[in-house]
Amino acid sequence: MREEEIEKLRGVVRDCVSKHLYSSAIFFADKVAAFTNDPADIYMQAQALFLGRHYRRAFHLLNASKIVLRDLRFRYLAAKCLEELKEWDQCLSMLGEAKVDDNGNVSDTKDSNVMYLDKDSEDREINISSAICFLRGKAYEALGIRPQARLWYKAAIKADPLCYEALECLIQNHMLTCEEETSLISSLQFGSEDEWLSSFYSCFIKKYEKENVIEAKFRDLENGCSKSDHSNPSFSRTLKTNTDLLACKAEYYHQCGEYQKCFELTSVLLEKDPFHIKSTLVHLAAAMELGHSNELYLMACNLVKDYPQKALSWFAVGCYYYCIEKYEQSRHYFSKATSLEETFSPAWIGYGNAYAAQEEGDQAMSAYRTAARLFPGCHLPTLYIGMECMRTHSYKLAEQFFMQSKATCPSDPLVYNELGVVAYHMQEYKKAIWWFEKTLALIPTSLSEMWEPTVVNLAHAYRKLKMYHEAISYYEKALTLSTSISTYAGLAYTYHLQDDFAKAITYYHKALWTKPDDQFCTEMLSLALVDEARSGLDPILELM
């Protein structure tokens, strides 16, 4: 057969692949390889077999060619076949021996030069070494050797910043701490045309910086990241409405406690793309916080119908039952989610929280410990373990876990708040004040209702140190955020301690208006009235 006719057949194979006609692609690729015995055509045949899910046959073809030992592309495709067959040890063996250090730098002396087979030189490729590093990471993770998987994922993204899947695994599986994520992104070597990608990646990582810093990152991406971007307005418009970018923004709103804002944004995103996984997860979390049980029910039904084998679907069912306080059912579905996907961190946290909600501390601690082991870069498991220790009055142990959580994520204000609470319980009021003030300093946005308990706790600590003016100032600040009985009661008691009985009586009444059967306020109101009478003043005149 003439070369022109063979080239036409190659075109037929490529067209069959583009049209997903894999059996046809396999048939014609087999004939082309038989005519030429060319390595490029053998590789094309193996690709067609792989896409047609004939993994064992594709592996046999590649392994029999002997080129597999000399060419990285052959070796990589053979390893991909073994990945699909779940033969992880053989997959690693096929990829060859290599070492990686803690910074993701690879030393590999045995790899041969790469043959670029039938490749258009104008196409931009992801480095084959990066793809091999990523596959090594997946194999180690499947074998349960997560520290090695973490190193190989880092090696993959460092070898080529375009290998997004490696970064996705590192972030979604919480393999890196906040500082490690930031350090990794800053160490990547982006080309001048990839400035936008550097900014995009920085939006994916944990976002605990101040609001103006985070908003500036989003603005850079929405408006174009470089001078070249500004010359192309369509690029700016595309990113401004990009679902991935807006999902990152929604995640940031959730992290800041702006749940309504987050819910509204994810609602818009899911109308545009109902099957966007990240938006769905953030939407579920926001609906949980807002108590939107109907929305959770509808989401869970649709997800189970469309994705019955995904952990996210059963996690949504668990969220619904948790929201309506049926914790036993919620545990069942959170457990099902973890059995489908062991590395789905929200399900492990939800599983522990469902036990904690019913004060079943041992089971809750077991779930949190598993999460802490699986997700070393996530500070929440150790934070929740500390909360459970605090519930059982093991304050010193709780403090140790909170400090571990702080080491993993040194910029989450919630960790500092819990450290303040545990110091308060240990009667270390000066230390508690320091932690609470640090909490307020780290809050990325303006104070919201979410942080009212922190302000009240700070006021309590000042009151314990008899610094009444500071205490009153923070109680009044808390009242601007939310009106709760603890704030009114604390304010009334502080005035009472200052012998300002009239104001104390006023705020005891306000507290009892909020909760009429509160025993403390009832008793203290009686005492305040007695004290007022003994002071020789008419409380009614004083109030006027």
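Trainee: How many aromatic pairs does the structure hold?

Mentor: This is a predicted model, and the structure holds 28 aromatic pairs.

Trainee: How is a pair of aromatic rings described?

Mentor: In general, one gives the distance of the centres and the angle of the planes. Here, phenylalanine 50 and tyrosine 55 form an edge-to-face pair, with 5.3 Å from centre to centre and 65 degrees between the planes. Tyrosine 424 and tyrosine 429 are also an edge-to-face pair, at 5.3 Å centre to centre and with 70 degrees between the planes.

Trainee: Does phenylalanine 50 count as buried or exposed, and why?

Mentor: Buried means under 20% relative accessible area, so phenylalanine 50, at 15%, counts as buried. Tyrosine 55 likewise counts as buried because its relative accessibility is 15%.

Trainee: Which residues do ring pairs link into a cluster?

Mentor: The cluster is made of Tyr164, Phe190, Trp196, Phe200, Tyr201 and Phe204, which are linked by ring pairs.

Trainee: Where do nonpolar side chains tend to be in soluble globular proteins?

Mentor: They tend to be buried together. In this model the largest nonpolar core has 134 residues, and Tyr201, Leu284, Phe315 and Tyr508 are those with the most contacts inside it. Helix α19, residues 311–323, gives the largest share of this core, namely nine residues. Apart from this core lies another, of 37 residues, including Val32 and Ile128.

Trainee: Which charged end sits over the ring of tryptophan 152?

Mentor: That of arginine 136, which is 4.8 Å from the ring centre. Elsewhere, lysine 31 lies over the face of phenylalanine 27, at 3.9 Å from the centre of the ring.

Technical notes: Residues are numbered from 1 along each chain as its sequence is written. This is a predicted model: local features need pLDDT of at least 70, side-chain atom pairs count only at pLDDT 80 or more; totals for chains, interfaces and linings use all residues. Side-chain values use heavy atoms; hydrogens and water are left out. A nonpolar core is a set of buried Ala, Val, Leu, Ile, Met, Phe, Trp, Tyr and Cys residues joined through side-chain atoms within 4.5 Å. Buried means under 20% relative accessible area, exposed over 50%, partly exposed in between (1.4 Å probe, protein chains only). Helices (H or I, at least four residues) and strands (E, at least two) are DSSP runs, numbered from the N terminus. Rings of Phe, Tyr and Trp (its six-membered ring) pair if their centres lie within 6.5 Å; planes under 30 degrees apart count as stacked, over 60 as edge-to-face and the rest as tilted. A charge sits over a ring if NZ of Lys or CZ of Arg is within 6 Å of the ring centre and within 35 degrees of the ring normal.
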